[in-house]
Amino acid sequence: MQLNIFILICLLAASVWTVMTRSLLRSAIGLALVSAILTILMFNLNSPIAGVFELSVCAGLISVLFISTISLMEALTMKEVIDRMKERLRRFWLLPFIVISAGIMLSLFSLKFNLSLPLPEEQMDVRFVLWHARQLDVFAQVVILLAGVFGVVVLFAERKKEG
Amino acid sequence: MVSLFILAPLLAIFALNFMFRRLGRFAAFWVGLLFSLAQIELVLLPRLPFWTNSNFILNDVFRFSLGVDNFTKLILLSSGVVLAVVFVITKALIDDEAKRFDFFNLLFIIMIGINGVALTKDLFSLYVFIEVTSITSFILIAFDRNMHAFEAAFKYIMLSALASVLMLSGMSLLLLVCGATGFSAVAQSLAASPNNFTVFAVGLFLCGLFIKSGLAPFHTWLPDSYSSAPAPVSVLLAGIVTKTAGVYALMRVVVSIFGFSPSMKLVLLFVGAFSAVLGALAALTQSDIKRMLAYSSISQVGYIVLGLGSGSALGVAGAALHLFNHSVFKSLLFVNAAAVETQSGTRDLDKMSGLAQKMPYTGITSCLASLSAAGLPPLAGFWSKLMIIMALWGAGFRMYSVIAAATGVLTLAYFLSLQRRAFFGEVSEKHLGVKEAGLGLVLPSVVLGALVVLTGVLTPFILKSVILPLGNILGG
């Protein structure tokens, strides 16, 4: 349990860094880091399939797409970044307080959902799940990765040629 | 053998890129066109053993759980038509052979995504195939690698990511309650134990699909994406991607899983009416032809959701028919827009005049598509809109029925404005030298125009045998 709490704190820290960092590229890398930490948490909570999907799609493919697209763009100067950040802070400074207040208010209502949760299927072998129960999803994952490869070829390799 | 709909394009990618690399660049177009036409042919021949034969050699390796009903076939037909058109116009519009080959590869991938969305019977698989189409769309929108394309692609991927988060959150909560993600298992579980928790989960999932469908007020990504993307991508997005990954998925989960509770109907009716009216009003104010068509798409999708919101078999059948009709006439209008932009060098309607004299095929087919979109008889759009309005009236939602009819007038207004500004009147001096677009754009326009007329003429004859059963299958 303590390990999970520690991982959650790391997750929170990485998330805050991802949102607050001034560089778009660092933000994309931060997103990959958040996904990687989330994957560790999923493995630790006995959800290896969810962990594998999280790692392959979010930490892998989405980050590749973000980074390749960002690298094709012209970076802002530090002054422009700071100006925009100030503008954003001016517009959205109230947002964290609203979210925290909403959370506190919701916690005051003792919401009861009367859930009858199904028991976890611990006996299922990961290999069986991947290659039999969720074979269609694995197939689609392969297609997503293929799309990522073509994305890098289309958006990245051409730029290299032009450069 | 239905798994071939998703396996064959993947095999084609591997064959064209790795096995027959030298031949691949030349063959990619013909293979893509052949696949698209074969898909149309298979849907039009429902009694072929293809649909029932389970002794297929690849079935031993790939044990996919797929399902086919009439609505699935309608989507496969739409995607076959639109993809065939996109393959043809891509060949006409992209000169660079290497770039065109990359584009064709991405089209094969999006074909897998669209067919996967249509065929799957599992909520998580549905989400994964929607992601296949979203990620490929993102790359295709940015394909031209200019500032506008990147801005549109970024806007698309950001809102798409938000939609994914909402869908994943909703699905996680449903999985928590239902313990499964299959359509029937989730539907049974929700029916057995309805509570606030599942209502919240359903709400999250629906919001995700509203974004993917481009419904107002979740539509902000759509006008930029449609207008900044290369012409073949605009046709693809407007013609089939948004329709399948958004609207079809929405219709499928509402009818097959969530059901038509009174609150569900009200949400769908409100969002549908809001989109229909807002899209039409916004389209009236546009001078960029592609942006006008993009806002028109928002309005027409609103119509489809209005039909769905009626909750009746007639409304669902009308919505499904309008989805198909919209795929056809909106693809046609975007092909026309591509022809106009290529030949006149502008997308600004205020700078065009009398182009029908110089581009007669484009002018006539554009007029047919506009009139069909506005719902004028006997064209295809008339029948689907009539069914939606009748379903709303019959289900007791008379106010929404009136809104739908009034929006039809707005639709006619902005399409007449488009026709008048671009095609009618005297040719401006600047465009005296304009000629009709090449065969690569004219041929798809003529075929799609003929389809608009043919669907309209045939609808009364196939109403009972083909169209109305769509509603029974979904509603059953």
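Predicted model: local features only at pLDDT ≥ 70, side-chain atom pairs only at ≥ 80, totals over all residues.
**View 1. The helices of chain A.**
Chain A has 7 helices and 0 strands, and from the N terminus on its elements run α-α-α-α-α-α-α. Buried residues make up 21% of the 163 residues in chain A. Of the contacts in chain A with a separation of 6 or more, 63% are between residues 24 or more positions apart.

**View 2**

**View 3. A pair of packed helices in chain B.**
Two packed helices are described by the angle between their axes and the distance between the axes. For helix H3 (residues 70-93) of chain B and helix H4 (residues 97-119) of chain B, the axes come within 10 Å and cross at roughly 175°. An angle over 145 degrees counts as roughly antiparallel, and H3(B) and H4(B) are therefore roughly antiparallel to each other. Among the residues that H3(B) brings to the contact are B:Ile75, B:Leu76, B:Leu83, B:Val86 and B:Phe87, while those from H4(B) include B:Phe103, B:Phe104, B:Leu107, B:Met111 and B:Ile114. By class, the contact of H3(B) with H4(B) has 12 nonpolar, 4 polar and 2 charged residues.

**View 4. Two enclosed helices of chain B.**
Helix H12 (residues 289-309) of chain B has 21 residues and reaches 30 Å from its first C-alpha to its last, which is close to the 30 Å expected at 1.5 Å a residue. Because 21 of the 21 residues of H12(B) are buried, this helix is largely enclosed by the rest of the structure. After H12(B) comes B:Gly311, whose phi is positive, near 75°. Helix H5 (residues 123-141) of chain B has 19 residues that should span 27 Å at 1.5 Å a residue, and its end C-alpha atoms are 27 Å apart, which agrees. In H5(B), 19 of the 19 residues are buried, so this helix too is largely enclosed by the rest of the structure.

**View 5. The largest nonpolar core and another core apart from it.**
The largest nonpolar core has 188 residues, and those with the most contacts inside it are B:Ile89, B:Ile139 and B:Ile141. Helix H10 (residues 231-258) of chain B gives the most to this core, with 19 residues. Which residues does B:Ile141 touch, not counting residues up to four places away in sequence? They are B:Ala149, B:Ala152, B:Ala153, B:Tyr156, B:Ser225, B:Ser228, B:Ala229 and B:Val233.

A:Ala32 has its place in helix H2 (residues 24-44) of chain A, and because it has 20 C-beta neighbours inside 10 Å, A:Ala32 counts as buried. A:Ala32 and A:Leu55 are 23 residues apart in sequence, and their C-alpha atoms are 8.5 Å apart in space. In chain B, B:Ala8 lies in helix H1 (residues 4-19), and with 20 C-beta neighbours inside 10 Å, B:Ala8 counts as buried. The C-alpha atoms of B:Ala8 and B:Ile112 are separated by 8.6 Å, although these residues are 104 residues apart along the chain.

**View 6. Backbone details in the loops of chain B.**
Most residues other than glycine have a negative phi, and most peptide bonds are trans. The peptide bond from B:Ala216 to B:Pro217 is cis, with omega near 5°, and B:Pro217 lies in the loop between helix H8 (196-213) and helix H9 (221-228) of chain B. A cis peptide bond also joins B:Pro377 and B:Pro378, where omega is about 5°; B:Pro378 is found in the loop between helix H15 (360-374) and helix H16 (380-394) of chain B. B:Arg145, although it is not a glycine, has a positive phi of about 55°. B:Arg145 is found in the loop between H5 and helix H6 (147-178) of chain B, and with 15 C-beta neighbours inside 10 Å, B:Arg145 counts as partly exposed.

Note on methods: Residues numbered from 1 in each chain as written. Chains lettered and ligands numbered in written order. Axes fitted to C-alpha atoms, helices over the stretch in contact; angles between N-to-C directions. Helix = DSSP H or I, 4+ residues; strand = E, 2+ residues; numbered from the N terminus. Parallel < 35°, antiparallel > 145°, perpendicular 65-115°, else oblique. Contact = placed C-beta atoms within 7 Å. Nonpolar A, V, L, I, M, F, W, Y, C, P; charged D, E, K, R; others polar. Expected span 1.5 Å × (residues − 1). Buried ≥ 20, exposed ≤ 12 C-beta atoms within 10 Å, placed from the backbone. Core = buried A, V, L, I, M, F, W, Y, C linked by C-beta atoms within 7 Å.
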